[in-house]
Amino acid sequence: MSPGDIFILGVQWIHTLAGVAWVGGSLFYLLVIRPVLYKNPSGSDAFASLATRFRAVVDIAVIVLIITGVVLAFDRLTSRYTDVSYVSVLGIKVALSLWMFWLAGVIQKRRHFLVSRPTVSVPNLATSLTNRVFASANLIAIIGIIVFLLSDLLQALFEDALKAV
């Protein structure tokens, strides 16, 4: 392995860790924290503390994902083994990732609004299955899982192109 290969391997590892932290944290929130809060709303102070800490993790993860994603995209797009199918899947992955970043920003703005106006009664929008599935936090987790699938697909496409040589 050349030093450049070792560098790219490190960047891939950091990129994956940032994605796992964000998507894994989102799944933990959806599957563990949120159900507990619905059953015991008096724990909202603990939730506010958790949300603040998770927000910091998400902010760092987004920065790391953007920086490492640009490095990895540049590395693969300048390779002679990259073809149209790879570029197409990468484009979809980037678009979905940008959507996730936007949704995370929406959640942060919504949370800031609710914290700054604690006396406002917010209607429970998660009354129907459709609303629950398409709530921002749920959508981030769903898109994140799809992005991980696309990452594996990109790896397989690149490895197949290498085998064809």
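Here are some friendly questions and answers about the predicted model shown above.

Q: Which elements make up the chain, from the N terminus on?
A: This is a predicted model, in which local features need pLDDT of at least 70, side-chain atom pairs count only at pLDDT 80 or more, and totals for chains, interfaces and linings use all residues. Residues are numbered from 1 along each chain as its sequence is written, and side-chain values use heavy atoms, with hydrogens and water left out. Helices (H or I, at least four residues) and strands (E, at least two) are DSSP runs numbered from the N terminus. The chain has five helices and zero strands, and its elements run α-α-α-α-α.

Q: What share of contacts in the chain between residues at least 6 apart in sequence join residues at least 24 apart?
A: Contact here means heavy atoms within 4.5 Å. Among contacts between residues at least 6 apart, those joining residues at least 24 apart make up 85%.

Q: At what angle do the axes of helix H1 and helix H5 cross?
A: Axes are lines fitted to C-alpha atoms, for helices over the stretch in contact, and angles run from 0 to 180 degrees between N-to-C directions. H1 covers residues 3-39 and H5 covers residues 136-163; their axes come within 9 Å and cross at roughly 145 degrees.

Q: How do the residues of the contact of H1 with H5 divide by class?
A: The H1 side includes Gln-12, Thr-16 and Trp-22, while the H5 side includes Ala-137, Phe-148 and Gln-155. Ala, Val, Leu, Ile, Met, Phe, Trp, Tyr, Cys and Pro count as nonpolar, Asp, Glu, Lys and Arg as charged, and the others, Gly among them, as polar. The contact divides into 11 nonpolar, seven polar and one charged.

Q: Is Arg-76 buried or exposed?
A: Arg-76 lies in helix H2, and touches Gln-12, Thr-82, Tyr-86, Gln-155 and Phe-158, leaving aside residues up to four places away in sequence. Buried means under 20% relative accessible area, exposed over 50%, and partly exposed in between (1.4 Å probe, protein chains only). Because its relative accessible area is 11%, Arg-76 is buried.

Q: What share of the residues of the chain count as buried?
A: The chain has 165 residues. Of these, the share that count as buried is 29%.

Q: Which residues does Gln-12 touch, not counting residues up to four places away in sequence?
A: Gln-12 is found in helix H1 and counts as partly exposed because its relative accessibility is 24%. Its C-alpha atom is separated by 7.3 Å from that of Thr-68, 56 residues apart along the chain. With residues up to four places away set aside, Gln-12 touches Leu-72, Arg-76 and Gln-155.

Q: How far apart in space are Leu-9 and Leu-72, C-alpha to C-alpha?
A: Leu-9 lies in helix H1 and is partly exposed, at 46% relative accessibility. Leu-9 and Leu-72 are 63 residues apart in sequence, and C-alpha to C-alpha their separation in space is 9.6 Å.

Q: Which residues lie nearest the centre of the second largest pocket?
A: On a 1 Å grid over the protein atoms alone, a pocket is an open set of points where a 1.4 Å probe fits, with protein on both sides within 12 Å along at least five of seven lines; lining residues have an atom within 4 Å of a point. H1, helix H2 (44-77), helix H3 (84-116) and H5 each supply at least two residues of the lining. The lining has 30 residues, and nearest the centre lie His-15, Gly-69, Leu-72, Lys-93 and Ser-151.
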